[in-house]
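Thanks for coming, everyone. I'll keep this brisk. Please take a look at the model first.

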Amino acid sequence: MKIVMVVAVVVLCGVLGRGLANSYVDRKKFFIELRVFVLQLKSDINFSMKKLVLIIDEVRSNTSSKIFEKLLSNYKQKYLIENVDANQDLFFGVDILSESEMAIMSDFFMNLGKTDVFNQNEMINNFLKRVEEFNVGAKTDSDKYCPLYTKLGILVGLFVALIVV
Amino acid sequence: MLKDILPLKIYTALTLKSSMMEINEVRLRVGKPISVLCNTKQYFLGEQGLCNNPNQAIFATRDMLTDIVFKASDFSIYSINEQLKQGFITVKGGVRIGVCGTVVKDEKIKTINEFSSLCIRLPHLIKNASLPIFNHVVNNGKLNNVLIIAPPGGGKTTMLRDIVYQLSYHGYPFNIFIADERGEITAGVDGFNLGNFYDSLCFLSKSESILLGLRGMSPDIIVTDELGAREDFYALKCAINSGVKVIATVHASSIDELKNKSEFAELLEEKCFDRFVVLSKENGVGTIEGVYKDNLTKIYGGSL
């Protein structure tokens, strides 16, 4: 019975630790999906000249990041349908980004579609460089903190088990 | 449609004292008062509607112009680059927006940006507008090649649109092919209902469109707007020489002005057109100044 309890406490704390690291996993997923979106934009703007709404709908239906899907959904609803010019609406429900990341992304999304194909290309290329940096940062953080939080959880679990049992 | 592309403030002001049916065009110039052509009279657009005092008018800003083009392009200005290069964009409902700004050139025009002026022209379907001249288009079942001559904003496209409609309405089962380079005549796929016998090809140059229609759609009549380029005349002659009738329009104020257009010399000499219809804005848009025969003698309107 005691062994079962020890195992249960350790597993539970391990899972809790992993759970605490979830935001890092979400960030990693988010930036991977953002990169896919930007690449898709680049190709669609240059070749098929597809309308922004169509590109967004396509990416939204294929994305594996719920948070990124939320961001695109906010963008479509607020800027392309309601046409409201309120910056904070873009990040409603998206709470994994830092202030500086939000500022850069907001600047990008606010200018999306507003210029000709040449300026859009330039803008996308510049943004893509930043997204690559975000991607590397998010991947490093995720690789570093996920195992760390899980290990810490297991350690705490063992400690709790030691005291209780 | 205009509601979707204009800033709310401008749209509200436009509809306060006037109906959209009366408005012909809206002009926005950066830093200047917005002007409106309503029933052939020029007004300024104030917050309380149309007015004559420029000091009461709403002034256009660059952001305003960019926003209009942004919305008119379905939030994707990059996607309308081919149209922008030609200096206009056509939006749903056949609304044509003429654009001025900075041209980016690299041997050929790459694009226009930093918009400085917009001329928003509203299309109107005025039923029966062509009735006074309809018997010159088709007489006892015999079709004529017709050239409609009018200055800009003189009602050429409206007349053309109604001719297409009337042909169908009067039960003439002619297959009509519309070479609609700017998407203005038909206002696109979900645009005007111009009867049961027309096919339209939008956003392709007139010359290409006419030849394509000639090959693919075996039309009885080809309808096109605003002839101008040399290639248009070649395509037109191909159509006429193939036994297809042509109804077209051209920018000019009178027969004399038409004669001065060198590119028309050959068509006039060969009497390619059976009838010339001259329109003006004298007593409102679409005033029929006269109808002329192939030898340019007047047979209808004004003093004969």
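One definition before we start. Asp, Glu, Lys and Arg count as charged. Ala, Val, Leu, Ile, Met, Phe, Trp, Tyr, Cys and Pro count as nonpolar. The others, Gly among them, count as polar. Keep in mind that this is a predicted model.

Now to the empty space. Rolling a probe the size of a water molecule over the atoms shows where empty space is left.

How many cavities of 30 Å³ or more does a search of the whole structure find? One. The largest cavity has a volume of about 60 Å³. Its lining is made of Ala179(B), Asp180(B), Glu181(B), Arg182(B), Glu184(B), Ile185(B), Lys206(B), Thr224(B) and Asp225(B). Sort that lining by the definition I gave: six charged, two nonpolar and one polar.

The largest pocket holds about 690 Å³ of space. It is lined by 31 residues, and those closest to its centre are Met1(B), Ala72(B), Asp74(B), Val91(B) and Lys92(B). Which elements give two or more residues to this lining? From chain A, α4 (66–81). From chain B, α1 (2–5), α3 (62–72) and β5 (88–91). By residue class, the lining of the largest pocket has 15 nonpolar, eight polar and eight charged residues. Both domains of chain B take part: domain 1 (2–121) and domain 2 (131–300) each give at least three residues to the lining of the largest pocket.

On to the second largest pocket. Its volume is about 470 Å³. There are 26 lining residues, and nearest the centre lie Asn24(B), His124(B), Gly155(B), Thr158(B) and Val285(B). In chain B, β1 (23–29) and α6 (156–169) each supply at least two residues of this lining. Which element gives the most? That is α6(B), with five residues. The lining of the second largest pocket divides into 11 polar, eight nonpolar and seven charged residues. Again, domain 1 (2–121) and domain 2 (131–300) of chain B each contribute at least three residues to the lining of the second largest pocket.

Let's move to the strands of chain B. Start with β14(B), residues 245–251. Five of its seven residues are buried, so strand β14(B) is largely enclosed by the rest of the structure. Buried here means under 20% relative accessible area.

What does β14(B) pair with? Strand β10(B), residues 146–150, runs parallel to β14(B) and is joined to it by five bridges. Ile149(B) stands opposite Val250(B) there. Strand β13(B), residues 221–224, also runs parallel to β14(B), with four bridges. In that pairing, Val223(B) has Ile247(B) as its bridge partner.

Now β15(B), residues 275–280. Six of its six residues are buried. In a regular strand the side chains alternate between the two faces of the sheet. On one side of β15(B) sit Arg275(B), Val277(B) and Leu279(B). On the other are Phe276(B), Val278(B) and Ser280(B). Both faces are covered.

And the neighbours of β15(B)? It pairs with β10(B) in the parallel sense, over four bridges. Ile149(B) turns up again, this time opposite Val278(B) in β15(B). With β16(B), residues 287–293, β15(B) pairs in the antiparallel sense over six bridges. Val277(B) has Val291(B) as its bridge partner in β16(B). The hairpin of β15(B) and β16(B) has six residues between the strands, and Gly284(B) there takes a positive phi near 105°.

That brings me to backbone angles. Most residues other than glycine have a negative phi, and most peptide bonds are trans. Two residues to look at here.

Asn128(B) has a positive phi, near 75°. You'll find Asn128(B) in the loop between β7 (108–121) and α5 (131–137) of chain B. Is Asn128(B) buried or partly exposed? Partly exposed, at 41% relative accessible area.

Ser218(B) also has a positive phi, near 35°. Ser218(B) lies in the loop between α7 (206–216) and β13 of chain B. With a relative accessible area of 53%, Ser218(B) is exposed.

That's my tour. Over to you.

Note on methods
Residues numbered from 1 in each chain as written. Chains lettered and ligands numbered in written order. Predicted model: local features only at pLDDT ≥ 70, side-chain atom pairs only at ≥ 80, totals over all residues. Heavy atoms only, no water. Buried < 20%, exposed > 50% of the residue type's maximum accessible area, 1.4 Å probe, protein only. Pairing = 2+ DSSP bridges. 1 Å grid on protein atoms, 1.4 Å probe; cavity = no way out; pocket = protein on both sides within 12 Å on 5 of 7 lines; lining within 4 Å. Points joined across faces, edges and corners; volume = space filled by probe spheres on them. Domains from an automatic or database assignment.
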